Structure formats: structure tokens, C-alpha cells
Amino acid sequence: MMCAIKSIFFFLCLTAKVGKTSLIMSLVSEEFPDEVPLRAEEITIPADVTPERVPTHIVDYSEAEQSDEQLYQEISKANVICIVYSVNNKKSIEKVTSHWIPLINDRTDKDSRVPLILVGNKSDLVEHSSMETILPIMNQYQDIETCVECSAKNLKNISELFYYAQKAVLHPTGPLYCPEEKELKPSCIKALTRIFKISDLDNDGILNDNELNFFQRTCFNTPLAPQALEDVKNVVRRNMTDGVKDNGLTLKGFLFLHTLFIQRGRHETTWTVLRRFGYDDDLELTQEYLFPMIKIPPDCTTELNHNAYLFLQSVFDKHDKDRDCALSPEEVKDLFKVFPYMPWGPDVNNTVCTNEQGWITYQGYLSQWTLTTYLDVQRSLEYLGYLGYSIIYEQESQAAAITVTRNKRIDLQKKQTQRSVFRCNVLGARGTGKSGFLQAFLGRNLQRQRRIREEHKSYYAISTTYVYGQEKYLLLHELMPDFDFLTEEDLACDVVCLVYDVNNPRSFEYCAKVYKQYFIDSKTPCVVIAAKSDLHEVRQHYSLSPHEFCRKHKLHPPQQFTCNTSDALSKDIYTRLTTMAMYPHMAQTDLKNSTFWLRASVGATVFAVLGFAMYRALLKQR
């Protein structure tokens, strides 16, 4: 069970001669002490001897020995306060409400009141119970969790007292339930709704028997017997009309069950569920759950592994209700209901492949996850946490979904790589067609690009290419053309595109300067793109023509490119870029002849056809 509490401070306070110190000593020694001091020293009970496996600190208070200031300090540190009274002393009972509860409330924040346990000691001296007097007090003050009558002398209910005190801290009622309204609090409903949606594996709004058993096994390490499952559903049926549907538990039924648990004093059941799904005492997902530790050495990248893609595919299938292999805006909204905010903005639709309606396709969906993992692995871990990856796949954390690639220098030495994602930085002066180059990769010609609103523009484009039969992701990143402000992070990539406009005589100069300043001595492959090749080519105002420049620096001749066409856009150039990124050593040695490009292009065409056929087959299965 996940628990944010590292230790518990019990603070036992009340006037002298009610037996509070005797209670502590009886708990520790398991026998009634012959001599009782005014105050017991602070006692720590190790985690391994407590039922909840949490270290417990017990603090005693004595009016005779300690000042009011010391009392206030102890109250501020306490996780739970046990107010001890004597069952045979009416004045000590009266002092609970006249002095101690008001004093404690004055010293604690209203929104984070410490739970109180009323402890009636010396039950061995009377034959009657004090509960008739205490119940009105419990009804008056919400902070009182429970009342326990005990005896330090004959050890009656001593261990129960400390069990209830621990329970009040580890399984508090306050964050879950409003006793006045007799219903769950909004934050609790929100958390349990997320848990329901994660557990509803087919997203039909019902937890069927298989899903209920998976939930039960996930939270309590044991499935429910068939009869027990029916008993649970029958309890819901008897109490509400829409709690069970098609023999499965609805969200309303699920919430009702947890309300029932709490009303019957079984808070620990709901807390076990909440903590298993990552929640802390304030019903917020913990930082440890959302951001598990992951070590990423320099020159290494982060990618999703096979299990992560299988999980994300299942999430896609779960929400693609019309089975059109794309997510409509409503389906995207439904997918992210388990998030506290909408993580994808309109720019995502211009970063990945979409269908004719502008909806994110299956391929585009996986591409966006790949992009997030590559650029910001912490955010990817957070997103996988919201979706419940570690719970569904029964992993210690969502860090198990991430592959950290080996150092790029080792790839260069061995002349091979296991990476699946390659980054291409696209540089060029303003207006040269860099954005068009990115959007063309996603299959959008100039006419479609003109529909993109400026505020929804993306500086990234990612999709798949095939290199020698292997599916790889190529990530294009358009850099701003501020020449003097390029950082090492900006320049870190696997391949570089230097884009100039064939119709603008001053555009190539920028490419030449960038190459000479940043890449001339680099091992990063560079490709010059002659953009807008459908326009008239003019002479560049530079000492060397683009062809001469490339020949001088042993670069491949400028690659002609245009997206101003009604024909299907060719992906050859993107396949070549991916190939160069994968095999930089080959790109350097083979650039003098065309065999490198020919092999890449032919391989890409063949495997693109095969890949498309396999993709269609996969969609039919799905």
C-alpha cells in the first residue's frame, strides 16, 4: 500500500490523575506500572511491530512539568491527539469540551484539523459506560474520530486505543466524507472517478466481473469469489436503481460502495484503493507516483519500450469508439478525463498526422507520445501516471515504460544503433519554407497548410519512416533563425537540414554561415534543401553557388523540394534524412556517389508499401 506518512506522533494530553501516563507505560511494558511518573518520556515504536508498518512516536504531556508554550508546540507537531478522561470523574469529562477541544482547535488550522480520539480510562473502576455522555460530544465535533474506553490497570483495550489512533492518521475520514451531508466529498469523488475510469478497461461505463476482479486483485492482492461478487452487486441493487447495469457496477454504484464502507467505519478500504492508485492524504497524486526516479546519462535519449506502446495502443482502442482509427475531439476529451488538465493543445494536430477531418490518427497519436517521451521524459512519466500504466501493467512505476538509449558516441564507434527516434534540426532564414518542409512530412501540401492558424503553429513534426525494413521515428524541429542565439541544446541532433529559398537570392547565405560556424567540423550529417523548387531559381548572392558550396564541403548536392503541388507528397527526402541519422558514417563515405540515396529510397518505397499493408491488417484486427 502506498502511504505518504513516514511516522506518526501520538500526543496524549489531559489533566493529571486520569491515567494517561499509565496507559503509555502499560502499552510498552504490557503490565500496569507500580510507580507512575508525572510524564512519560517520548517513546518510539518501530515500524516492524505495528500493523501498518509505520514508526510511531508517543508523546506525553504534563501540566505540572511543562509550560503552555511547550503544549502548543506539541499540538502543532501532532498527527493525532488522544484526549484522556477518567470514566469515573465527571469533571474530567466536562473538561474535554470546556477546555481541551477549544484549545486544540485554536492552535490548529481549520482546513487541516488534527484528528482527535477520546479515551475513557479507568473503566475497571465502574460498571457503567460513559458512552451515553460522550456520544453527544462526538456528534458535536467532526474532528473526533472515535471513542475508546479502556483500563491501564487490567490492560483492557490498550492495543485497540493505539490501533484506532493509527487508523485516524493513516485512514482519516475528513478528506473522504462529509458527515453533515452524509456523502463523499468532491475531491474524493474526483479521485474515485479516475480510478473507476482506469479500471473500466473497455470504457463501457461498467465494471464487469473481470474488471472488478482485476481491481480487487490490484488493490487487495486477492480476487473475489463469484458469490462474493454477486453479494456486492446485490447490496448496490438493494440501495439504488442505477448502481448495477448489464450485471456490472456503474460509477454511481462504485461510489455508493465506498460511501457505505466509510459509513460503516471501514475507511481503510477506501484509503487502500486511493493509495494504490497514487493518492496522498490530501487526495492529490504524489510526486513519487507521478515522477519516479529515472537516470538519464549525457548523450542518451529516452524512448517508449514495447510494453509502453502496447499500453498506449490499448488506451487508444478504449477511446476510439467509432473504430475509425482516429480520435475525434470528443474522444480525445474522454481519454484525458483522468488528467487534471488537458495536456494536448491545438498545436498537437499540426505536429502529427491527422485525417481529412483534422483528427489525430492512430499513427499520429503514437507519434505524439514518442515526441513527448523524447523531449520531456518527466512529462511523459506524469501522463502515463495519470493513465495508470504502472497499475494496469503491474509495474513498480511507469519508469518501466521508458528505454534510455546508450551513449551516441558508442553508436558511432560500433557503427550501429538500437535507437528508434532520430532528431533532425531544420535551419534557415525567415520565409525560406521551413514550416512547409515540416508540414509536408505529415502529408500536407501548401493548400492544406494555409488553413493552419498562426497561434496553432507547431515547431515540431514527427512521423514514421522505413529504413531498410525498420520502422523509425523522424522528429523534425524548426529552429528560430536568430543566428547568434543558437545554443548547444539547439544544435544537438542526429542530422541537420539547411533550407534556402531558390527564389530568394539572399537566403542561401544564412545556410552557408550556419554550416561554417557550427557544423563544418561536426560529425553530424548535413543536407541542403532547395525549397520552393516549383518557383524560378535565381542566382544566390553568395561567393559560391549552393552546388559549388556543397561540392567544396563534400556535402550532397542541394535536394529539390516543394509542397506546392496537388500530387501526393514524396517522403523520399525524409527517409534519406532518417537513413543519414541512423548511419552517419555511411552518409559521410557514400555521399560522393548516389548508391547511398538509391538504397535508402528503394528500401523506403518497398517497406512503406509493406508497412502500409501490415498497418491496414492491424487496423482490421483492432
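This is a predicted model: local features need pLDDT of at least 70, side-chain atom pairs count only at pLDDT 80 or more; totals for chains, interfaces and linings use all residues.
I started with Asp209, which comes out partly exposed at 27% relative accessibility (buried is under 20% relative accessible area, exposed over 50%, partly exposed in between, with a 1.4 Å probe and protein chains only). Residues are numbered from 1 along each chain as its sequence is written, and side-chain values use heavy atoms, with hydrogens and water left out.

**Salt bridges**

I looked up the partner of Asp209 and found Lys233, with the closest N and O atoms 2.7 Å apart (a salt bridge is a side-chain nitrogen of Lys or Arg within 4 Å of a carboxyl oxygen of Asp or Glu). Asp209 sits in helix 7 (residues 209-220) and Lys233 in helix 8 (residues 226-239), so this pair ties together parts 24 residues apart in sequence. Helices here are DSSP runs of H or I with at least four residues, strands are E runs of at least two, and both are numbered from the N terminus. Lys233 is buried, at a relative accessible area of 0%.

Next I checked Arg409, which forms a salt bridge with Asp299 at 2.9 Å between the closest N and O atoms. Arg409 is in helix 17 (residues 408-414), and Asp299 is in the loop between helix 11 (287-290) and strand 12 (302-304), so the parts they tie together are 110 residues apart in sequence. Asp299 is partly exposed at 46%.

Arg379 and Asp376 also meet in a salt bridge, 3.8 Å from N to O. Arg379 is partly exposed at 42%, and Asp376 is partly exposed at 32%.

I also noted a network of salt bridges linking Arg406, Lys408, Asp411, Arg419 and Asp494. The count by this rule is 19 salt bridges.

**Strands**

How many residues of strand 17 are buried? I get 7 of the 8 in residues 460-467, so the strand is largely enclosed by the rest of the structure. Strand 17 runs antiparallel to strand 18 (residues 470-478), joined by 8 bridges (two strands pair if DSSP finds at least two bridges between them). Thr465 has Lys472 as its bridge partner in strand 18. The two strands make a hairpin with 2 residues between them, and Tyr468 in the turn has a positive phi of about 50 degrees.

Last, I looked at the open antiparallel sheet of 3 strands, ordered 9-11-10. Strand 9 (206-207) and strand 10 (244-245) are at the edges with a single partner strand each, so one side of each has no neighbour in the sheet. Strand 10 pairs with strand 11 (residues 248-250) over 2 bridges, and Val244 has Leu249 as its bridge partner.
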